[in-house]
Amino acid sequence: MKTIELYLRVSDYRAWLDCRRKFYLTKVYGIQEDTDLTRVRPPGNADIGSIVDHGLNALFNDQGRVDLWGAHNVPVGAVNSQWAKEWGNAVELSSIMLDGFEEWWAEQEESATLETRGIQVEVEHRFGPFYVGPGRSYEVYVTLIGHIDYEAYDHKFNTLAANDFKTVATLGQHLKQVDVQMNIYALLLAYSRNEHVGIARHIQLRRVKRTARATPPFYGKRTIVINHAQLARAEILLIHALRDMVQLYPWNAEHADDARYYPSPTGECNWKCNVKSLCDMMDDGSDWDSIAVNAYNLSEEAPVLLRPRFQLDKEEV
Ligand code: SF4
């Protein structure tokens with residue numbers, strides 16, 4: 001039996017929970033974000049998050065403050081471009097957020113009870129096998145990769161802790177999804193270190209300049225205490241989800257029906273979804289497939305490099 005290896009990130013799992021169609025278009029079909037850092041574009045909220053991350057990495061690595069223009073996501077030439085003012089504002093906002101964060105963090109008891117074990121740590125675990133329908137001659141394994149901002153030993157709770165930072169418009173946003181994601185980070189870290197991870201902590205930084213008109217609080221944290229039973233439950237839910245995610249891949253011809261990739265529209269689609277135009281086309285009968293192939297960057301690693309579609313099936317069955 002042939003083995004197929006899939007590599008997914010925790011953020012992909014979260015994308016799948018949010019909207020299966022978005023997961024399909026970005027992860028299975030391979031529609032890529034615009035990652036060309038030589039082409040200057042205006043900054044978005046994700047860029048501010050990356051710039052702040054760059055500053056936080058340095059802080060927790062005891063390097064003090066660093067030049068935020070050096071964040072990896074700032075495009076080459078941004079400072080002299082038509083978007084220089086916007087990028088300047090993004091860097092200034094990030095800098096103000098970091099100033100306040102340093103003061104706020106120093107007042108938190110965690111600043112004394114956490115012992116740093118790693119910054120920007122990648123952890124992974126291989127799950128499977130998952131089967132892709134009767135009569136198929138292959139099985140699928142999924143390696144789930146998590147990116148943990150700050151791994152620490154928590155001396156208050158005497159356990160390893162996975163800590164995550166996020167910039168948000170409003171404190172307390174999307175806490176349900178945050179809890180799911182943090183449990184999975186804890187699970188992956190526990191597998192990687194071969195010891196229990198009893199704390200997952202999510203720290204939010206508000207995207208606001210703290211002017212006289214802006215009302216505090218500007219920072220918040222959510223600490224989840226995790227016992228072994230919770231971690232086991234999180235793993236069972238994850239495995240069921242991975243099994244369903246694997247079924248979204250068009251491993252076989254009878255899976256060619258686009259209706260399976262149903263949308264989950266919300267008020268955030270307009271500004272948050274980079275595949276909205278394609279999503280709209282899938283519902284109005286347009287030939288979205290050929291537009292996707294011709295007008296979008298497709299990842300060379302996307303499994304639906306089964307172009308022509310379902311080539312794998314023809315080879316294997
Ligand atoms: S536009 Fe909304 S419903 Fe459509 S793929 Fe994006 S997130 Fe899903």
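Which helices each supply at least two residues of the shell around the ligand? In this predicted model, the answer is helix H2 (20-28) and helix H9 (276-283). The ligand is surrounded by Cys19, Arg21, Lys22, Pro263, Ser264, Pro265, Cys269, Cys273, Val275, Lys276 and Cys279. Sorted by class, this shell has seven nonpolar, one polar and three charged residues.

The secondary structure of the protein chain comes to 11 helices and six strands. Of its 317 residues, 28% are buried. Among contacts in the protein chain with a separation of 6 or more, 72% are between residues 24 or more positions apart.

H2 is mostly covered, with eight of its nine residues buried. After H2 comes Gly30, whose phi is positive, near 90°.

Which residues of H7 are buried? They are Ala234, Leu238, Leu242, Met245 and Val246. Seen down the axis of H7, these buried residues fall within an arc of 100°, so they line one face of the helix. The other side of H7 has exposed residues, namely Ala229, Ala232, Arg233, Ile236, His240 and Asp244.

From the helices, attention can turn to the strands. S3 and strand S4 (residues 159-168) run antiparallel and are joined by five bridges. Within S4, Asn163 is the residue that stands opposite Tyr150. Four residues lie between the strands in the hairpin of S3 and S4, and there Asn158 takes a positive phi near 55°. How do S4 and strand S5 (residues 197-206) run, parallel or antiparallel? They run parallel, and nine bridges join them. In this pairing, Phe165 stands opposite Ile203 in S5.

Tyr185 is found in helix H6. Is Tyr185 buried or exposed? With 24 other C-beta atoms within 10 Å, Tyr185 is buried, the cut-off for this being 20 or more. Leaving aside neighbours within four places in sequence, Tyr185 is in contact with Val10, Gly146, Ile148, Ala162, Asp164 and Ala200. One of these contacts, Ile148, is 37 residues from Tyr185 in sequence, but their C-alpha atoms are 6.9 Å apart in space.

The second residue, Arg117, has its place in strand S2. Arg117 has 15 other C-beta atoms within 10 Å and is partly exposed. Beyond its neighbours within four places in sequence, Arg117 is in contact with Glu151, Ala152 and Tyr153. Arg117 and Leu160 are 43 residues apart in sequence, while the C-alpha to C-alpha distance between them is 9.0 Å.

Most residues other than glycine have a negative phi, and most peptide bonds are trans. Against this background, Asp62 has a positive phi of about 60° although it is not a glycine. Asp62 lies in the loop between helix H3 (45-60) and helix H4 (84-107), and with 8 other C-beta atoms within 10 Å it is exposed. Gln120 also has a positive phi, near 50°. Gln120 is found in strand S2 and counts as partly exposed, with 14 C-beta neighbours inside 10 Å.

Which peptide bond has omega near 5°? The bond from Gly128 to Pro129 does, and this bond is cis; Pro129 is found in strand S2. The peptide bond from Pro216 to Pro217 is cis too, with omega near 10°. Pro217 lies in the loop between S5 and strand S6 (219-225).

Key:
Residues are numbered from 1 along each chain as its sequence is written. This is a predicted model: local features need pLDDT of at least 70, side-chain atom pairs count only at pLDDT 80 or more; totals for chains, interfaces and linings use all residues. A residue is buried if 20 or more other C-beta atoms lie within 10 Å of its own, exposed if 12 or fewer, and partly exposed in between; C-beta atoms are placed from the backbone. The arc is that of the directions from the helix axis to the C-beta atoms. A residue is near a molecule or strand if its C-beta atom, placed from the backbone, lies within 6 Å of it. Ala, Val, Leu, Ile, Met, Phe, Trp, Tyr, Cys and Pro count as nonpolar, Asp, Glu, Lys and Arg as charged, and the others, Gly among them, as polar. Two residues are in contact if their C-beta atoms, placed from the backbone, lie within 7 Å. Two strands pair if DSSP finds at least two bridges between them.
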